[in-house]
Amino acid sequence: MIDAFVQVLSPWLLVLAFGGVSLGIVWGALPGLSTTMAMALLISLSTGMEQSSAIVFMLSVYTGSVFGGAISAVLINIPGTPDAVPTMIEGHALALKGEGGQALGMAIAGSFVGNWVGILLLVAFIPLVLSFALMFRSWEMALLAMIGISICGSMSCGAMPLKGWIAGWLGILVALVGFDPIHAVQRYTFGVPELMDGVNYVSVLIGLFGMTEILKVLPSGAQPVVPQAVGRVIPSLRKLARHSVAAARSGVIGAVSGAIPGAGANVASFLSYDIGRRMASPEEKAKWGKGSYEAIVCAEVANNANIGGSMLPTLTLGIPGNAAAASLLAALALNNIVVGPAIEVDYPGLIYFFYAALIVANLLMYVAAIGLIKPCVKLFSLPRSVLLTLIVPIAVIGAYSVRLSMFDVWVMFASGLIGLGLRALKFPVAPIVLGVILAPMVDENLRRALLVFEGRAFSFIAQQWVGTVLFIALVAIFVEGLLRLRRGPAGAAAKPVEGQG
Amino acid sequence: MSQSDHGEFAGEDEGAGYAAPSVDMFAAVLLILLSGWYSWEAWGFRMPGGWRTAPGLVPLFAGLSLMAMALVLGLTAWRRRGQTAPAPAVDAATQGDALRTVMLIGVLFVYLLAMGSITFGLRGYVGGVYLVVGAFEITTILCLSALMRLFWNGRLWIIASVAIGWTAFLSVTFRNIFQISLPG
């Protein structure tokens, strides 16, 4: 552990971490640029770095951008990232009363505490999950991957989980293109040499989260109104102490939801905001929706604790906790790091390095956030159409640099168009990414398991108790989703969105 | 992500959920066609080692289960026919008009096509720094200028300066600092 800290505290990695956190905060603060978009586009930059630099840089960007969304949410009433919507509701109401700086101070302190809770829960639970994960064989891994895709589908589209599952299945279809891993039979390649290696999921990721956003927002030409003054920004740890119970509860909610595939910072912040409102004192509840500091604490602690939580399935099972973690997984894979149950055997000390990098990124986030609020206000006055235009070549580089292939750039462009079409049809896009990443795991492990089960009785399969539990969990996900579907649109909370990000 | 007026959470992804019944029916038909074709292709794959390890096994399972889901989607849409469509789930500020979206897609298509076609390139040392001006640099400057002209309407010299400056920054950062090759 000490070795990991010594390594992360080297001047180069500290500079990189500070740069990553600052870039993340600015990126997250700019309306229309989400955390996942930042992570997806920066995968290309991480390919030019050595392993430790790439990990520190990506984790720092992740940490910074989750907080960054709060700045525009409070000051211009547009959430920089979707998870900042509750912060927008409360923070902007405070900003209108002249307390915008204080609201941001509370958001910074909440984010700082949230990151700590996430990291502590990650440290506490990694050994437990790893010891459990070592019991997973082919059958269990196939089921686990299916659960990941299905849960992501359910969580992405709460009103109509069926659409989330369909999106996940579309990802599976894409991932099965190329040589079959067992017999090397070509599948859906149509004689195109570039398809024989399969579809590059980094291109799909950049297309779905970068290009789709550009295609959706750039033609609109919308421009937010920029405030003239922010007010005094002092991160209020003392004020936060008054809401310590809410902070602790939100931290646990955020970290646990982060550990569930598909449940990202959005789920965390809304769930925590909702539970916080129900559990608030009558006096505090009266402020809810009109500018409550406790509500900001609930939302910001939860969405930042989500980072640590999302690392749990990512590092221990190789199943990304959310789309941003999927980008991190891609960056790791490009640096020849394949995480999963054997992470401690394959990469001794890597987990400690992750802990150290997250802690350092959190400390630097606190410092950078205070310094960057006022420059961010200046940035808000830049035309959004210019900002989105400048992202186009970054998306091209991101897709091209992985395999130095123009074909991948076209895949990225096509993914952007498909993402735009799917959004028009009101399908979620995050499950597609999980489908693309996890389908090879299903494909290979399911067929291996069928070979193992060959000639054995059903009782043998039922004796694999971990697999049986996972199978029941998979069935439960579908049954719960279908019951929700049966209630129809009247029973779902599918109402107009207030912001975007 | 979608949420209610009161900040209630309805899902992680923005705007996902129920669409108008006709839209969902259209999606269901498209998905049935896609999954039908996918399953048909999977059925035709060679089976070198028996059905348990058949390369078409998982694709066939994925195709057929997607078809079942599409049928349920179609059925749900059919049951809701005649109902009023839910309010649009994405705020109006981000809804560009169709013509501008088509123009954007067109510019990006030409940009990528040109980047893959141009073989011209200049390489050399300028002030001790190895610089490359290839297809990426040329097409990116033109593309950024065109997009800013279409969607921003700034002054030409500002547009040109931003396009050249940003392209040069990206080129030097990726080619020289991170040693990552760029297209062209």
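Trainee: What pLDDT does chain B average?

Mentor: pLDDT is the predictor's confidence in each residue, from 0 to 100. In this predicted model, chain B averages 82, and 85% of the residues score at least 70. Residues are numbered from 1 along each chain as its sequence is written, with chains lettered from A and ligands numbered from 1 in the order in which they are written. Local features need pLDDT of at least 70, side-chain atom pairs count only at pLDDT 80 or more, totals for chains, interfaces and linings use all residues, and side-chain values use heavy atoms, with hydrogens and water left out.

Trainee: Over which residues of chain B does pLDDT stay under 50?

Mentor: Residues 1–7 of chain B stay under 50, and the model has 42 contacts for them beyond four places in sequence; contact means heavy atoms within 4.5 Å. Residues 89–94 of chain B also stay under 50, with 17 such contacts.

Trainee: How is chain B divided?

Mentor: Domain bounds come from an automatic or database domain assignment. Chain B has domain 1 (21–79) and domain 2 (98–177), whose C-alpha centres lie 41 Å apart.

Trainee: How do the residues of the lining of the largest pocket divide?

Mentor: Rolling a probe the size of a water molecule over the atoms shows where empty space is left. The lining of the largest pocket has 24 nonpolar residues (Ala, Val, Leu, Ile, Met, Phe, Trp, Tyr, Cys and Pro), five charged (Asp, Glu, Lys and Arg) and four polar (the others, Gly among them).
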